[in-house]
Amino acid sequence: MLEIKDLFGSVEPLDGWAELNRKRKVNGERTLKFIIFPTEKNIHGFNMVETESQLTFDGEVYVIKKVVKKSIGNSFYKEVTAIHKFYVDMINKQQPKIHNGSLTFINALNMIFVDMPYTYVVTGSFSARSFENFGNDNRLSLLQKVLERYRVEMEVRGSIVYFRKIVGNDTDFQFRYKHNIINLDNDDDSMDLATVISGTGAEGISAYYRSPNADIFGELDAPPVEDERFTSQETLLEEMKARLQDAPVITITINFADLRASGYPYTVPSEGDRIFIIYEPMDDFELETRILEIDETFKENPNPNENPIAIRTDVVLSNHKKSFAGTTFDQIQKSLSKIVNDDGTIKYDFLDEAVKQATEALKSAQTELEFSNGIIAREKDNPNKLVLFNSAGIGISTDGGSTFNTAMTADGFVADYIAAGTLRGILIEGVDIRGSTITSAISDTVYTTIAGATLESRGIHTRTWLGETTTHDVALRLQRGYFRARNNSLNRSLYFADTGISTFIDGEGEEGGSSGSLIWWDTRYSPSGANGFTINSHGGVVALESNLNRIVLNAELSVNVESRQGPVYLRPYRNGRPGNNVFNFTLSDGNTASDIDGFSMYGSDINGYSVGLRYSKSGGTPTISMVDGNYNRGGNTTFDVGNLLVNNIRKRNGSGTPYWNGSGTGTTAGGTLENTLFATAMRTNDSNIYLATDQGGAVHATDYAGYNNGNGITHRPMVATEFTPSSSVRYKDNIQLFEESGLEIVKDHQIYTYFLKSDLKAGIYDNQQIGFLAEAAPMLRKGDTISLNKSVSVAWKAIQELIDEVDLLKQKIIDLEMAV
């Protein structure tokens, strides 16, 4: 999908275009070109196609820089050229500052990207380079210099610019253009072929390099490198190898579809992808080439919400070491005419200010020579200004020769002010040194530099840290009152300031990642606003670790452990006990504060928790519940204590009846009887104690087996001074006199002697019992038991009947006695 945004911020989809062409180059231009016709669908977007409007294509933004309107019949169309917004932004922003001397790659990028809406990521390390008058130019021009000086490549992705030595993908694809691909444009060029090169640098440094390809092509000399900015043989040799073109330049343009059909492994080409070419004219000499340019042509997608469809992609393969170039950078040259004349000499306006002043003074001087104690050159208009030349030295005076504040003698050099391009010496002593840069360097990566408010010391250091030995390019920098420790090899820094120590400048983190901060004067966690100390990590983990001793949190007031979006974990004996043993303190979800329950769980945070406690603050009834590993109340959990002091023991709403032995139909027998309530006594602080059962249930006194899983209950005696069944009329209804014969019932129910099976099983053979059999006493039976209340009541009725019979017999006896 192609969108356009005008200068007023209006955004419209752009339809009706044709011949959309995009070009991409390594370190070079990225442009869009197309033609567009007015249609009913693009009535709004067509009018927005003007210079400085922005186009969004394939997730990237381009700025229209050229619109050519051409008539066709009674209408017209537009030819549009747009440049990637990154290059437009960079060329439209000046960097007024100027740097002279050694400059690290990171510092060079900082000068380029400061105050720009782009950030950068650097992969790899790059030696410092020396610059003269780096700055006072647009950012794109400075970027060109940096890419060429440090021999680095870049790729732009959105607002991030990635820098590395070589961009693109490594492939094992071998291209033999007379074998596996036919349709191509091929250009072979050996005009600049050279296989040997020499060079010289500062202080007599020299180097020589012979390419292995000299065995194939012979020793062909390249122009020597003569540059005093190179202060080590290592960097000089690196520059010489970079300049040497030791193989013929082969340039091949081919349709990417043909390349893929021949085995190229990637679906979409990327700038910089590397391909091997078997060079037939040189006995199958193998060259590594790269995709240096990609030319793509698109057509509109029938689905307007999707990207246009690529109909042709041409790629340019070459082994040429191209510099940062392209039509985008032609505009860089617009500023060179201000500095250099047509003959290549620097224009006077761009000379250093101190040099200009000295030049003016020398050219405009009107001087008279006097021969007295040497040669005196005296200014005619102001005789107090003179220069004295004699065998003792040279002196410059502004008070007629009374004093010489600027002088050069055998004892040394005296001056109030010195302006110099390079100042070399063994010992410099003074109270106040002012200047641009002071550098003591062994190489481009081993030096100490003082420049204005900056002091930097850099070197190569080998150390062992946490059992790993590494060698890194490291640097210390003191700048504008702040201190930075930098690891250039790992592309990370540590910043020291009065507010704390941090791995990022702002103390809060930035895009690209960071480690953490030690923050002083922090009031965020103090209710009273007291200055505190904070250990912080923006995107990582903060850890307190002691290898051989303890960690102590000791506070006069409280010790607070908080988390913003997750649980709190405690993991004792992590290495001293088997398994993953974790205490997890967490909260439930809820819509209001009263709905939020707390949990303290124990178990494994990998395999699941086993048991825990739940704390509820809702409903006016604060509750602590035991939960299982799924955070559910009850379940397969056990509460094991030595002493339990409670007000009430109740069942939970909605649950079944709780049983002391775990189940109403189970058994209390077993090894440890862990599910059984044990007590030597039960008492109440009231006058009564209640044992409650369901309707039709009974209270059983049994042996340890209890219900015994239905395999027979063994009852035990109950001893008390009195058993008093409840019998108040308050508990009864439908009350009638019992009219049956108690004597008949007694006569119908036999009495038996027997032994309890539980006694026999226990080896007790002398405890004979006398009583009923429930199965033989239906009138008195209640399940497997005999109702004592019924038994007593029937016996009472039988006694009443016997009393009646006795009374009748007594009366008969009396009647007989009276008859006699």
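Reply: A residue counts as buried when its relative accessible area is under 20%. Threonine 195 has a relative accessible area of 0%, so threonine 195 is buried. One caution before going further: the model is predicted.

Start with the location. Threonine 195 is in the loop between strand S14 (184–189) and strand S15. What does its side chain meet? A polar atom of the threonine 195 side chain lies 2.6 Å from the backbone oxygen of glycine 218. Glycine 218 is also one of the residues in contact with threonine 195, once neighbours within four places in sequence are set aside. Tyr209, Arg210, Ser211, Asn213 and Ala214 are among the others. Phe217, Glu219 and Leu220 are on the list too. So far along the chain as Leu244 and Asp246, contacts with threonine 195 are still found.

S15 covers residues 196–200. Three strands form an open sheet in the order S16-S15-S17, with mixed pairing. The edges are strand S16 (206–210) and strand S17 (225–226), each pairing on one side only. S15 and S17 pair in the parallel sense, over 2 bridges. Across that pairing, glycine 199 stands opposite valine 225 in S17. In general, strands of a sheet pair through backbone hydrogen bonds, either parallel or antiparallel.

A helix accompanies this sheet. Helix H5 (residues 233–243) lies across S15, S16 and S17. H5 runs at about 40 degrees to S16.

Another open sheet has 5 strands, in the order S37-S38-S39-S40-S41, and its pairing is antiparallel. Its edge strands are S37 (568–570) and S41 (623–628), each pairing on one side only. The twist averages 20 degrees from one strand to the next. S37 and strand S38 (residues 582–587) run antiparallel and are joined by 3 bridges. Leucine 570 has phenylalanine 583 in S38 as its bridge partner.

One reaches the side chain of arginine 22, at 2.8 Å. Another joins glutamate 296 to the side chain of arginine 24, at 3.0 Å. Beyond four places in sequence, glutamate 296 touches Leu20, Asn21, Arg22, Arg24, Arg312 and Thr313. Lysine 23 illustrates the sequence gap: glutamate 296 and lysine 23 are 273 residues apart in sequence, yet 6.4 Å apart in space, C-alpha to C-alpha.

Then the nonpolar interior. In soluble globular proteins, nonpolar side chains tend to be buried together. Here the largest nonpolar core has 32 residues. Those with the most contacts inside it are Phe86, Phe105, Phe113, Leu143, Tyr150, Met154 and Phe163. Helices H1 (85–91), H2 (105–113) and H3 (139–150) each supply at least two residues of this core. Strands S10 (129–138), S11 (153–157) and S12 (160–164) do likewise. H2 gives the most, with 7 residues.

H2 is mostly covered, with 8 of its 9 residues buried. Phe105, Ile106, Asn107, Ala108, Leu109, Met111, Ile112 and Phe113 are the buried ones. Beyond four places in sequence, phenylalanine 105 touches Val122, Phe126, Val146, Tyr150, Val152 and Phe163. After H2 comes aspartate 115, with a positive phi near 65 degrees. A second, separate core has 18 residues, including Leu14, Phe46, Val80 and Ala82.

Finally, the whole chain. It holds 10 helices and 45 strands. Buried residues make up 30% of its 820 residues, and threonine 195 is buried. Among contacts with a separation of 6 or more, 46% link residues 24 or more positions apart. The chain exposes about 55,000 Å², and carbon and sulfur atoms supply 51% of that area.

Methods. Residues numbered from 1 in each chain as written. Predicted model: local features only at pLDDT ≥ 70, side-chain atom pairs only at ≥ 80, totals over all residues. Heavy atoms only, no water. Contact = heavy atoms within 4.5 Å. Polar contact = N/O pair within 3.5 Å; in protein donor to acceptor, adjacent residues only side chain to side chain. Helix = DSSP H or I, 4+ residues; strand = E, 2+ residues; numbered from the N terminus. Buried < 20%, exposed > 50% of the residue type's maximum accessible area, 1.4 Å probe, protein only. Areas by Shrake-Rupley, 256 points an atom, 1.4 Å probe, with all protein chains shown as cover. Pairing = 2+ DSSP bridges. Axes fitted to C-alpha atoms, helices over the stretch in contact; angles between N-to-C directions. Core = buried A, V, L, I, M, F, W, Y, C linked by side-chain atoms within 4.5 Å.
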